[in-house]
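Here's a quick briefing to read alongside the structure. Have the 3D view open and follow along.

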Amino acid sequence: RMTNDSLDYLFNPDAPADWFVKFPLKQCADLYGLPYTGVIDRPDLQEILIDECKKLNPDFIQNGNAVNGYVSKGKGKGVTVNLEDGTSTEADVLVGSDGIWSAVRAEMYGEEVKKSSKDKKKKQGCSYSGYTVFAGETVLKTDDYYETGYKVYIGPKRYFVTSDVGDGRIQWYAFFALPPGSKKAPSGWGGTERTDQADPGENLVEYIKSLHEGWSDEVMYVLDNTPPESVEQRDLYDRAPELLRSWADGNVVLIGDAVHPMMPNLGQGGCQAIEDAYVLAETLELVKSSDKIEDSLQEFYRKRILRVSAVQFLSRLASDLIINAFDTPWSPHDDLGKSWKSYLTFFWKPLLQYVIFPAQFAFLYSYYPSGNMGGLPNALEEKWKKTHVEGAEAAFERVSEDGQSVAAPSFFKIAEQAATALAAKKN
């Protein structure tokens, strides 16, 4: 770790260990006249989207009866959607947005949902990334809560991420290069429960702290203030880009994790799914006859495949570099970083700060159908700063009086509790 953007650490042994590099999010957003992005809690986003959809159709969503297959009936004839309870329904279009273990995808590509190899390195065609991730949430006022919304702490074969998700909440993610199936915690994404673990009574926060021995006090402070029973875990899988197979089959199309799951290093899994939805809606809006739906879905695939493939590649590259090419950076003042990876990490700093990160974030911001938003980003920033402080301070006060509590169920747990089947009904 090195100090800010200065070279003082090379000559001054007392220079504090501060930032290694910074993400130029605001600068890249300003380049396109856009608001700079933060991190939003998925349940919050889900509620916003559901509320907006209900304004258009209060009964648009049907819970508890998942899609498990389909029959596309040909050009202009729609699709029969088969549901979990044995019934079926008819639609003009079926959009498979049912996640990485997609039943719609399995039907389209002849896969078996969640079928795993014996070593668990392959699952429904996905490759194990090399990482398992623990996740938790706490309400906590850190020293730089209002100045820093996202932090990444990197060490050999592991890294730790904290994100401010509003209302005083800090979500954290601890990534470890461990074999698949190294389960310690329940999965909030559907799967194992706490009672399924080898030691259901193990304090998971203490276990995670033991894997970060010698790390920053900031990491320990966040972990110490996290309720152990709130910790969740899942193994991370992703796929190679579908360059040789269309995302569409007749009147059926795949979007999001169902067709392009990716590592979370760029925070783009949900973002690319939202882009998919926007481009798909934009494409279908131009269709005036059901005979044209099949062609429009193929057009949607062609519009999205290159950008999504690039983001998948960049996400996986970032993950692989952390596993294979990062270590404690070399410093002239100590003997902590002396491996070849330490010297490589030292030389990564200017390349990451001034070349890779600016190019990466400029590319991610480059799709902006809104166009340059003029003075709106600054107005939104001022409004957000005020509401952010008000919401956070209220949460800090509540915790100071009542103590920490287990966070609400994750987005994935909520989805598990009420499996959702969505189908576009014929008019």
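Predicted model: local features only at pLDDT ≥ 70, side-chain atom pairs only at ≥ 80, totals over all residues.

**Nonpolar cores**

- The largest nonpolar core takes in 53 residues, and Leu94, Tyr131 and Trp247 are the ones with the most contacts inside it.
- Helix 7 (residues 293-325) supplies the largest share of that core, with 10 residues.
- Another core sits apart from it and has 25 residues, including Phe134, Leu140, Tyr145 and Trp172.

**Helix 6 and helix 7**

- Helix 6 (residues 269-285) and helix 7 have axes that come within 10 Å and cross at roughly 155°.
- Angles over 145 degrees count as roughly antiparallel, so that's the label for helix 6 against helix 7.
- The crossing of helix 6 past helix 7 is right-handed.
- On the helix 6 side, the contact includes Gln272, Glu275, Asp276 and Val279, while helix 7 brings in residues including Phe300, Lys303, Arg304 and Arg307.

**Helix 1 and helix 8**

- The axes of helix 1 (residues 25-32) and helix 8 (residues 340-365) come within 9 Å, crossing at roughly 45°.
- That angle makes helix 1 and helix 8 oblique to each other.
- Helix 1 also goes past helix 8 in a right-handed crossing.
- Leu25, Cys28, Ala29, Leu31 and Tyr32 of helix 1 meet Pro358, Phe361, Ala362 and Tyr365 of helix 8.
- Here the contact of helix 1 with helix 8 has nine nonpolar residues, with no polar and no charged ones.

Terms used. Residues numbered from 1 in each chain as written. Heavy atoms only, no water. Core = buried A, V, L, I, M, F, W, Y, C linked by side-chain atoms within 4.5 Å. Buried < 20%, exposed > 50% of the residue type's maximum accessible area, 1.4 Å probe, protein only. Helix = DSSP H or I, 4+ residues; strand = E, 2+ residues; numbered from the N terminus. Axes fitted to C-alpha atoms, helices over the stretch in contact; angles between N-to-C directions. Parallel < 35°, antiparallel > 145°, perpendicular 65-115°, else oblique. Left-handed = near helix turned anticlockwise from the far one by under 90°. Contact = heavy atoms within 4.5 Å. Nonpolar A, V, L, I, M, F, W, Y, C, P; charged D, E, K, R; others polar.
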